[in-house]
Amino acid sequence: MNAEEALKEALKDAMSAHVADVRAPAMTGQAVRRRHRAHVTRFRATGAAVLTVLVAAAVPAYTALTSGPGAAPPVPGGALTGPAIPSEGVTLSADSTSEVDVTSPPSPMVTVSPTDSATAVPTRRPTDDPANSAGNLPEDLGDLGDGRAFGGIRVGYLPDGLIWGKWSGKNGFGTTSYTTTYVTPEQLKSGEYSVQIVVFEDEAARRAKSRLRAYRNDPGATKVSVHGAGGVVASLGEGSEVTANAGTPTILWFAKPGLAVEVMMSPVMSEGLGPKGTERELKKIANGVRATS
Amino acid sequence: MTEEDEAAFDEFLAARSTALLRTAILVCGASAHDAEDLAQGALEKVYRHWPRIRHDNPEAYARRIVVNAAISRSRRRRVIQEITFARPPETAAPQSDPELKDLLIGELRRLPARMRAVVVLRYWEDLSETETAAMLGCSVGTVKSQAARGLARMRARMGARKGTSV
């Protein structure tokens with residue numbers, strides 16, 4: 001064996017010995033899925049921020065077009081309605097027990113019609129892969145109006161001050177799933193959320209069923225009943241595992257056979273409400289949800 | 001993803017995640033902890049596209065991501081490494097096999113990132129020159145020259161140590 005071959009052999013032995021004791025952690029799958037979920041969350045925040053920027057740009061453009069003696073005539077079916085600045089403050093109280101009038105409209109705000117070419121908001125092709133659509137507007141479900149009806153459900157109750165987050169996603173939580181968020185008017189600018197709801201159907205519902213079963217057997221979770229259906233309230237980590245520390249307060253149940261609903265409250269909002277207030281609000285949201293299909 | 005996709009991904013992890021982590025450690029020249037972070041980042045990309053790639057040699061796809069990520073990470077640390085290892089340490093010649101292995105790993109770490117990747121893929125993964133070139137997105141000629149120069153550099157440094165021969 002010549003010197004080069006000897007070096008190759010010695011090097012191979014050294015490399016093999018160096019990593020011989022290395023084993024991938026048993027929790028690799030969970031860690032990878034947690035990273036994926038964080039990636040999807042970042043994508044969602046980016047999309048919301050882009051939408052906010054575009055709306056902010058659309059307002060002065062619309063104002064310039066429609067104000068002053070030399071202004072261009074309004075575009076038929078104008079896209080912008082209502083005052084641009086929300087007029088009501090946001091209050092989230094842990095002591096709040098008042099019933100919410102679900103027929104009252106959300107706070108006045110700018111609304112954007114995706115069908116109007118004058119809005120300067122580009123339409124987006126629905127996609128199943130968030131990873132390939134970063135930077136585009138996540139409007140997989142289109143204009144949801146007040147945002148309370150989507151994915152085969154109607155959201156009857158939301159905590160005071162929350163409005164639709166003006167975005168929606170499809171299949172980001174498995175096939176077939178739908179999701180959207182509810183935010184304070186201030187959060188429309190920051191891209192943050194207060195409440196997120198995910199609807200699971202078909203394949204996604206089967207996975208949700210497995211999770212629900214596991215959660216209900218987890219001592220860290222609280223079993224609840226939503227219109228007679230067995231659900232669970234738990235604080236979930238980024239890998240969807242029940243956690244005692246700094247998780248996302250979540251309630252999961254089946255609104256009807258084959259249709260699971262998961263309501264998540266942002267840790268920031270939860271902190272303001274406290275543990276009992278958080279659980280109470282999650283239950284109220286859940287009890288206000290009705291299957292529409 | 002469907003349940004079948006998820007189950008297939010778990011099987012893939014069970015079969016290949018350790019090998020990918022080992023490759024990351026060797027190519028990156030980093031600690032197991034850093035390599036773990038790198039490997040998980042790469043696997044997240046695999047997971048993101050899993051339904052599309054699972055039937056098309058996902059292992060090669062994953063390894064390519066790991067290797068390229070390791071090269072990128074190593075390049076960011078190169079300045080520090082070059083300062084730290086500007087001169088060979090004045091250590092005594094190894095007297096036993098374990099010491100020789102440590103010395104070889106130390107020399108491997110000192111190679112430039114891309115050259116180290118070629119050496120690892122060729123002599124630890126046993127990939128052919130063509131496979132290595134495809135993995136790194138370069139020509140077969142580049143693989144040949146990088147491998148030869150990498151071995152020569154290691155041999156020269158080893159030879160500089162009194163009494164060391166391999």
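This is a predicted model: local features need pLDDT of at least 70, side-chain atom pairs count only at pLDDT 80 or more; totals for chains, interfaces and linings use all residues.
Local features rest on a pLDDT of at least 70, side-chain atom pairs count only at pLDDT 80 or more, and totals for chains, interfaces and linings use all residues; side-chain values use heavy atoms, with hydrogens and water left out. Residues are numbered from 1 along each chain as its sequence is written, and chains are lettered from A and ligands numbered from 1 in the order in which they are written.

Strands (E, at least two residues) and helices (H or I, at least four) are DSSP runs numbered from the N terminus, and two strands pair if DSSP finds at least two bridges between them. Strand E7(A), residues 229–236, has six of its eight residues buried, that is, under 20% relative accessible area with a 1.4 Å probe, protein chains only. Five antiparallel bridges pair E7(A) with strand E6(A), residues 222–226; here A:Val224 stands opposite A:Gly231. Two residues lie between these strands in their hairpin, where A:His227 takes a positive phi near 50 degrees. E7(A) also runs antiparallel to strand E8(A), residues 248–256, through five bridges, and A:Val233 has A:Ile251 as its bridge partner in E8(A).

An open antiparallel sheet is formed by three strands in the order E1-E2-E10 of chain A. Its edge strands, E1(A) (149–150) and E10(A) (289–291), each pair on one side only. Two bridges join E1(A) to E2(A), residues 153–155, with A:Ala149 opposite A:Arg154. Helix H5(A), residues 267–288, packs on this sheet and touches E2 and E10 of chain A, where contact means heavy atoms within 4.5 Å. The direction of H5(A) makes about 30 degrees with that of E10(A); axes are lines fitted to C-alpha atoms, for helices over the stretch in contact, and angles run from 0 to 180 degrees between N-to-C directions.

Note on methods: Buried means under 20% relative accessible area, exposed over 50%, partly exposed in between (1.4 Å probe, protein chains only).
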